[in-house]
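Thanks for making time this morning. I would like to walk you through one chain, so please have the view open while I talk.

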Amino acid sequence: MVNLRFWLAFLGLWTGAMALLGLDVQVVPDRSYIEAGETFGLQIVIPGQQGTTAPPLPAMPGVRYQYRGPATQMEMINGQTSVQVTHRYLLKPDTTNDVVIPSLSFRVGTQPVHTAPVRVTVLPAETHTEPAWLKLIVPRDHCVVGESFPVELQLYFQSIRDPEQPRFSLDGFLLGRSPQPVQAATARGDQSWSVVIWRFAATATKVGTLAIGPAEMDVTLLSGRAVRTGSLFDEIFAAPRDMKRVTLKSPAAKVVVTSPPRVGQPSGFAGAVGHYTLSGSVSAREVTVGDPVALRLEVTGSGSLELLDLAPLPESPEFRAYAGTNKFEPTDALGFEGRKTFEYVVVPEKSGVLRLPVPPLVFYDPVKREYGTAPAPELTLKVRPSAVGQALPTAQPSLTSAGGPAVADMAAPQWRAQRSTRPWAGVGWGARPWVAAAALSPWAGWGAVLAVGWVQRRRRAAAVRTPQELQAAELAQLTRRLSEPGAGFAEAGRAVRLRLALGLGRSPDAITGEVVDRDLIPRGLESGLCADLRGFFERLDAHHFGGATAVEAGIAARDALALLARLDQEGKC
């Protein structure tokens with residue numbers, strides 16, 4: 001009786017816990033884009049259940065559907081068994097409007113289930129007579145530089161073999177992450193077709209009317225049909241099928257790419273497009289001068305996170321900062337959402353309360369079509385002075401007893417300093433030279449420590465310079481570096497930004513191609529030089545998104561030296 005009550009109570013608690021957790025039921029179409037007149041598949045995936053009743057689909061105007069049965073999948077990983085059931089449907093739209101599958105509400109056992117609505121876009125029907133073709137779907141005809149959006153490539157075929165990976169002709173676009181391709185089936189008229197779908201993330205890297213595609217793919221077409229009687233000899237003696245190697249090619253898609261608007265553009269905007277938040281942490285809050293501290297900044301949100309860079313920490317005589325590694329962790333298949341972590345090493349140079357001046361992240365939100373700012377986290381360090389160079393403690397404790405008279409009033413010995421009549425070094429053991437040396441060595445060592453600390457403080461004080469002096473010193477170092485082999489886009493871009501920052505009185509991190517029209521032209525800078533600077537920044541942006549060869553990097557270093565010389569000769573910046 002006791003065991004029965006125990007199991008009934010356990011079953012009730014288990015059922016209540018599962019009801020609170022709920023089921024993560026997903027409604028998954030096999031394609032996001034179809035042509036008018038095509039069929040597509042729909043799956044309702046219910047995890048942790050077996051033998052569930054098929055949920056009915058609600059009435060959808062102009063859409064017919066047919067239930068194709070369940071499929072159960074069971075896996076055992078590390079001794080743990082997981083099971084899920086998938087209910088399959090076939091949908092046939094009779095309309096050219098998009099198919100919207102509303103939120104479904106049903107019960108699995110005693111648990112209520114609610115799903116999110118799903119949309120399938122219906123495109124105009126195309127006429128094809130070839131046995132296989134490619135269809136490139138670009139859902140955008142306008143975007144801004146740095147914006148990412150999905151691109152889909154569909155391969156229609158009936159019988160092919162030896163397909164190769166698709167190739168793209170890209171003008172000012174960079175293709176990012178792509179999950180594994182998905183295969184589906186559809187009906188076009190009275191014929192059945194197989195469809196393979198690739199999904200990519202495309203990012204615009206420059207301004208203009210640009211093209212994505214065409215996409216190309218090499219496959220072998222199989223034609224002809226062997227007569228089969230069901231005999232084993234058909235596999236050996238049947239007539240071979242005709243094979244032909246072809247290259248499939250899709251039409252290209254045009255996209256108009258513009259720069260983020262200049263109206264309302266805040267200072268510090270460096271091209272980040274999306275919607276982000278910025279947080280941070282340090283490995284220790286209380287440190288000593290010279291101790292390294294790990295600084296971790298984390299950007300979360302949606303947009304071109306994988307290509308996102310943060311502005312470097314500003315230079316300061318209070319600390320030294322070294323950039324470390326960064327890591328991107330996507331939360332969706334194409335990498336549009338997730339988080340990116342930036343790591344730095346900070347070494348304090350002065351004692352006191354040190355506030356780390358992390359720059360805010362300024363971004364352009366293409367959905368809201370407005371600029372936003374992710375505020376920087378408030379990060380402070382309590383920096384203690386180093387042991388080198390500290391004076392000996394001189395505090396003397398009070399000789400009083402708690403709640404009683406002074407200790408001096410008690411019968412305690414009185415110590416009084418008296419001048420010796422003889423030098424101590426010449427009395428007893430003090431007459432031996434090694435004893436005197438041993439007695440004086442701690443004082444000599446402490447004096448050496450004090451001297452080293454004094455020298456280090458004088459050197460640090462002499463090294464403290466203004467930010468402008470630090471920038472000028474860095475520019476001189478970069479100019480020498482640009483003349484050496486191996487210099488590339490990073491050194492070239494930094495040198496030109498430092499030169500313009502010194503001339504305009506701004507931070508080099510705020511220098512972008514916008515300063516040409518906003519600041520340099522009004523100052524009367526020569527038009528040819530302005531055009532060359534504008535083109536130089538456009539090449540920097542293209543390198544940031546798409547990379548560059550060693551030859552292009554060497555050309556960028558040479559152009560940067562020429563621009564620096566022309567800016568010095570012009571004298572207006």
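Leu-450 is partly exposed, with a relative accessible area of 34%, where partly exposed is the range between buried, under 20%, and exposed, over 50%, with a 1.4 Å probe and protein chains only. Please keep in mind that this is a predicted model, in which local features need pLDDT of at least 70 and side-chain atom pairs count only at pLDDT 80 or more, while totals for chains, interfaces and linings use all residues. Residues are numbered from 1 along each chain as its sequence is written, and side-chain values use heavy atoms, with hydrogens and water left out.

Leu-450 sits in helix H3, residues 433-463, helices being DSSP runs (H or I) of at least four residues and strands (E) of at least two, numbered from the N terminus. Together with Trp-446 and Val-449, Leu-450 forms a nonpolar surface patch that has about 220 Å² of accessible area, by the Shrake-Rupley method with a 1.4 Å probe.

Turning to the whole chain, we have 8 helices and 29 strands, and 34% of its 573 residues count as buried. The accessible surface of the chain is about 34000 Å², and carbon and sulfur atoms hold 56% of that. Among contacts (heavy atoms within 4.5 Å) with a separation of 6 or more, 70% come from residues 24 or more positions apart.

Notes:
Patch = residues over 30% accessible without salt bridge, like charges linked within 9 Å, V, L, I, M, F, W, Y side chains within 5 Å. Salt bridge = Lys/Arg side-chain N within 4 Å of Asp/Glu carboxyl O.
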